[in-house]
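What follows is a walk through one structure, with attention to its aromatic side chains and their surroundings. Please keep the sequence and the model in view while reading.

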Amino acid sequence: AVVSTQSTGFIRAVLTGKFVNPHWRQVDQYCAPCSEHYDYILKVENYQCEFPQFLKTLGSTESLLNRIDFEKRVNVNNGRSVTDRTDFYQYFAALPDNLLDALHKWYRADCELLDYNCEKTLCEIREWRRKNL
């Protein structure tokens, strides 16, 4: 996989603050999870389990819950299994180590806050790179 100079330039722009967009900012920079009290933080990857429980706590009736198709997904993975992370690994494994490490540092607080294992993901990316590039 080849990462274009546009891609590395974009990531550098994000990390240096030259490109500001809420999709790429750290979570604590725009939603204040540490200064606000949240009753719920739901993860998209746990949607099928968490969202029905969330709706029940809001008082949704069984008849409403029975009408919602929690199995339906938006096709964001071009028809492949949602566990197929090939594109993810190809993209990030092709980044230079210094940029990969900078991204890891940039999002480390988010990973801790939202209970993601970024160290494991970084190791998986490097292992994928070792085997495939």
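One aromatic cluster is formed by Phe 88, Tyr 89, Tyr 91, Phe 92 and Trp 128. The coordinates come from a predicted model, with a mean pLDDT of 82 over the chain and 85% of the residues at 70 or more. Confidence is highest in helix 6, at 95, and lowest in helix 3 (residues 62-67), where the mean is 80.

A pair of aromatic rings is described by the distance of the centres and the angle of the planes. There are nine aromatic pairs in the structure. In one of them, the ring centres of Phe 10 and Trp 24 lie 4.9 Å apart; the planes meet at 85°, over the 60 degrees required, so the pair is edge-to-face. This pair links distant parts of the chain, since 14 residues separate the two partners. Phe 10 belongs to helix 1 (residues 5-16), while Trp 24 is in the loop between helix 1 and helix 2 (47-57).

Another member of the cluster, Phe 88, has Arg 85 over its face, at 4.3 Å from the ring centre.

A charge over a ring also occurs at Tyr 116, where the charged end of Lys 43 sits 4.2 Å from the ring centre. Tyr 116 is located in the loop between helix 5 (97-113) and helix 6 (118-132). Its relative accessibility of 37% is the reason why Tyr 116 counts as partly exposed. With neighbours within four places in sequence set aside, Tyr 116 touches Lys 43, Glu 45 and Cys 111.

The loop between helix 1 and helix 2 holds Gln 26 as well. Which residues does Gln 26 contact, leaving aside its neighbours within four places in sequence? They are Trp 106, Tyr 107 and Asp 110. With Trp 106 there is a contact from the side chain of Gln 26 to the backbone oxygen, at 3.3 Å. Gln 26 has a relative accessibility of 16%, which means that Gln 26 counts as buried.

Helix 1 itself can now be followed from end to end. It has 12 residues and spans 16 Å from the first C-alpha to the last, close to the 16 Å expected at 1.5 Å a residue. An α-helix has 3.6 residues a turn, so residues three or four places apart point the same way. The buried residues of helix 1 are Ser 7, Thr 8, Ile 11, Ala 13, Val 14 and Leu 15. These buried residues pack against helix 4 (86-93) and helix 5. Just after helix 1 comes Gly 17, with a positive phi of about 85°.

Technical notes:
Residues are numbered from 1 along each chain as its sequence is written. Side-chain values use heavy atoms; hydrogens and water are left out. Rings of Phe, Tyr and Trp (its six-membered ring) pair if their centres lie within 6.5 Å; planes under 30 degrees apart count as stacked, over 60 as edge-to-face and the rest as tilted. Helices (H or I, at least four residues) and strands (E, at least two) are DSSP runs, numbered from the N terminus. A charge sits over a ring if NZ of Lys or CZ of Arg is within 6 Å of the ring centre and within 35 degrees of the ring normal. Buried means under 20% relative accessible area, exposed over 50%, partly exposed in between (1.4 Å probe, protein chains only). A polar contact is a pair of N or O atoms within 3.5 Å; within protein, one must be able to donate a hydrogen and the other to accept it, and residues adjacent in sequence count only if both atoms are side-chain atoms. Contact means heavy atoms within 4.5 Å. The expected span of a helix is 1.5 Å times one less than its number of residues. pLDDT is the predictor's confidence in each residue, from 0 to 100.
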